[in-house]
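Reader: Hi! Could you take one part of this model and go through it closely for me, starting with what the terms mean?

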Amino acid sequence: MRFMIIRKSDANMETGALPDKNLLAAVGQYYQDMRDAGVLLAGEWLRPTAKSARIVASQGKQAVVDGPFTELKELIAGFIMIEVPSLEEAVRWARRCPTLNGSVDGQAEVRQVLEAADFPADSTEPLMLHASKTMAADAEKMLRTTSVA
């Protein structure tokens, strides 16, 4: 199962301050531990919301709102995608994150990623065009399997 560990932003991250060398080294070791365990799929840090935009769609219309955004508890600072057998293991990996060791206030959310198998069979063909290579490949395998059977 794939899980996304979503690191929430905080006031310091929203200033654009970069992590110091000690934190970078600790995070680097954390990533290496996940690589060594074969669970790390991807991870990225995001710039502060001052350099972002939000698309708001409602009642058939779109609006573009430029950052910065003020609801800190709702902002995302980055993510890590991992593949592990259970939510419990994903939470164990998230808790090891050096930015969540309690030295500063921090918060992350761990969410399971939807897989092609979660969708009804008649959704398989459109899923082959999904942005996720994993989702697209799994949908293609499912389509071939059902076509052969």
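Author: Happy to. A residue is called buried under 20% relative accessible area, exposed over 50%, and partly exposed in between, using a 1.4 Å probe and protein chains only. With 80% relative accessibility, Gln-59 therefore counts as exposed. This is a predicted model, in which local features need pLDDT of at least 70 and side-chain atom pairs count only at pLDDT 80 or more, whereas totals for chains, interfaces and linings use all residues. Residues are numbered from 1 along each chain as its sequence is written, and side-chain values use heavy atoms, with hydrogens and water left out.

Gln-59 sits in the loop between β3 (53–58) and β4; helices (H or I, at least four residues) and strands (E, at least two) are DSSP runs numbered from the N terminus. Although Gln-59 is not a glycine, its phi is positive, at about 50°. Most residues other than glycine have a negative phi, and most peptide bonds are trans. A cis peptide bond runs from Gly-67 to Pro-68, with omega near 5°, and Pro-68 belongs to the loop between β4 (61–66) and β5.

β5 leads us to the part I'd look at closely, the sheet. It is open, with four strands in the order β2-β5-β1-β6 and antiparallel pairing; two strands pair if DSSP finds at least two bridges between them. At the edges are β2 (40–45) and β6 (108–112), each of which pairs on one side only. On average, neighbouring strands are turned by 15° against each other, direction ignored; axes are lines fitted to C-alpha atoms, for helices over the stretch in contact, and angles run from 0 to 180 degrees between N-to-C directions. Between β1 (residues 2–8) and β5 (residues 76–83) there are seven bridges, and Ile-5 has Ile-80 of β5 as its bridge partner.

Two helices belong in this picture. Helix α2 (residues 21–37) packs on the sheet and touches β1, β2 and β5, with its direction at about 160° to that of β2; contact means heavy atoms within 4.5 Å. Helix α3 (residues 87–95) lies across β1, β5 and β6 and runs at about 35° to β1.

Not counting residues up to four places away in sequence, the residues it touches include Phe-3, Tyr-30, Met-34 and Leu-40. Ile-80 is also among the residues that touch the most other members of the largest nonpolar core, which has 14 residues. Such a core is a set of buried Ala, Val, Leu, Ile, Met, Phe, Trp, Tyr and Cys residues joined through side-chain atoms within 4.5 Å. At least two core residues come from each of β1, α2, β5 and α3, and α2 gives the most, with four.

Finally, the largest pocket holds about 690 Å³ of space. On a 1 Å grid over the protein atoms alone, a pocket is an open set of points where a 1.4 Å probe fits, with protein on both sides within 12 Å along at least five of seven lines, and lining residues have an atom within 4 Å of a point. Grid points are joined across faces, edges and corners, and the volume is the space filled by probe spheres set on the points. Of its 31 lining residues, those closest to the centre are Met-13, Ala-17, Pro-19, Trp-45 and Thr-99. β5 gives the most to this lining, with four residues.
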